[in-house]
Amino acid sequence: MSELTLAQSYTLVALNAQRSMEMTTAKKVALRCISAAVILEICLEQGLTQNDVHIRINKDQFEQSQHTVYRGLTIKSVARKPGIASDDLRSWLKKASRLSRRAMIQLERVMADSLQEIGLLEDIPHVLGCDLYFESAGVRVKQYRSDMGEYARIVESTRAEILEEGPLTDETICILWLLRESGCMREVFSLHELGRVNERLNALYATVPLIRQLFDIRISHGIELTIKRFLHLKREVTKTPIGRLVNFALPFIERSQAVFIETETLITNPTQRLHFVIDRLVANGNVVTVLQEGTIPSVRIDNLDYDVVTHAIYGRFPIYGVRLLPKSLV
């Protein structure tokens, strides 16, 4: 794809918009897959080809790949675990996905530092910092933001390879597997496109050894992935009119998905309302691009898309404002 390694490319996708100051469930899932990405990266550098009948790891060469800090950290964490086979890819990936909390924190710090050093990752105020409840409570929330150009390039090149005819590179196959294991497929592909992805992978399954062996391996942790999917399901539900009402009525359920920005007064003009929101987000340190204007505008905040809808909270006195709702692919 580029001069970035596989682990660095996947980390830019996996850590984007993740909270940087807390170990959330979604970030745990991402870090376990980043650890697996490091193992796959070393495998690819050792000349993995699609002619292999069985994918094996040369343990001696593998352990010699510790010249990079994040590789050394991952190999040290994985190799010391008992019961690992010397050359079994499945065993290495499963061990890589079972990092301790301490190892995950270390891996996050090392990967984030390496990307921040080359200017591809930032630690910025989270969009939740604009939310009325967080702002009024003085709660500081920060998030990672991947370089917007590099993030788009990685996602679009992956989409182009799998959605169009032609051979797949080993790196794209690994990225697709990592997206599946981290539950991020729906963040990259629409439901319609997922059918095409499944169709192409099934067609190549018998002839491409890497697909056949890699996609038979599952490293996802059931409880963590279930919680992440539950949060994703709630986000999907809030896209419906009734779901939006439920989410508005119970905002404490999903504070990370729907952000309420107070406008102080009722702004009836949608253009003025949109500009107010943009100014508020920019002041918070976010990069905002208008995707669509109109009654319900759409904006891209950093690397994620949102619908901007009018909303008011009614108590003793009404509080007017706008609600930012995540806008996923349809």
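What is the mean pLDDT of the protein chain, and what share of its residues reach 70 or more? This is a predicted model, and its mean pLDDT is 82, with 78% of the residues at 70 or more.

**The chain as a whole**

Let's start with the overall picture. The protein chain has 15 helices and seven strands. Of its 330 residues, 50% are buried. The accessible surface comes to about 15,600 Å², and carbon and sulfur atoms account for 54% of that area. Take the contacts between residues at least 6 apart in sequence: 67% of them join residues at least 24 apart.

**Where to read with care**

Where pLDDT is low, the predicted coordinates should not be read in detail.

Now to some single residues. Glu171 sits in helix α9, which covers residues 170–181. Glu171 counts as buried because its relative accessibility is 16%, under the 20% cut-off. Along the chain, Glu171 and Glu41 are 130 residues apart, yet 8.3 Å separates their C-alpha atoms.

Glu193 belongs to helix α11, made of residues 191–205. With a relative accessible area of 17%, Glu193 is buried. Its side chain makes a polar contact with the side chain of Arg159, at 2.7 Å.

**Cysteines without a bond**

How many disulfides does a search of the whole structure find? The search finds zero. A disulfide is a covalent bond between the sulfur atoms of two cysteines. For Cys43, the closest cysteine sulfur is in Cys174, and the two sulfurs are 8.1 Å apart, so they are too far from each other for a bond. Cys43 is buried, with a relative accessible area of 6%. Cys130 is buried as well, and its relative accessible area is 1%.

| Residue | Relative accessible area |
|---|---|
| Glu171 | 16% |
| Glu193 | 17% |
| Cys43 | 6% |
| Cys130 | 1% |

Conventions:
Residues numbered from 1 in each chain as written. Predicted model: local features only at pLDDT ≥ 70, side-chain atom pairs only at ≥ 80, totals over all residues. Heavy atoms only, no water. Helix = DSSP H or I, 4+ residues; strand = E, 2+ residues; numbered from the N terminus. Buried < 20%, exposed > 50% of the residue type's maximum accessible area, 1.4 Å probe, protein only. Polar contact = N/O pair within 3.5 Å; in protein donor to acceptor, adjacent residues only side chain to side chain. Disulfide = S-S within 2.5 Å. Contact = heavy atoms within 4.5 Å. Areas by Shrake-Rupley, 256 points an atom, 1.4 Å probe, with all protein chains shown as cover. pLDDT = per-residue confidence, 0-100.
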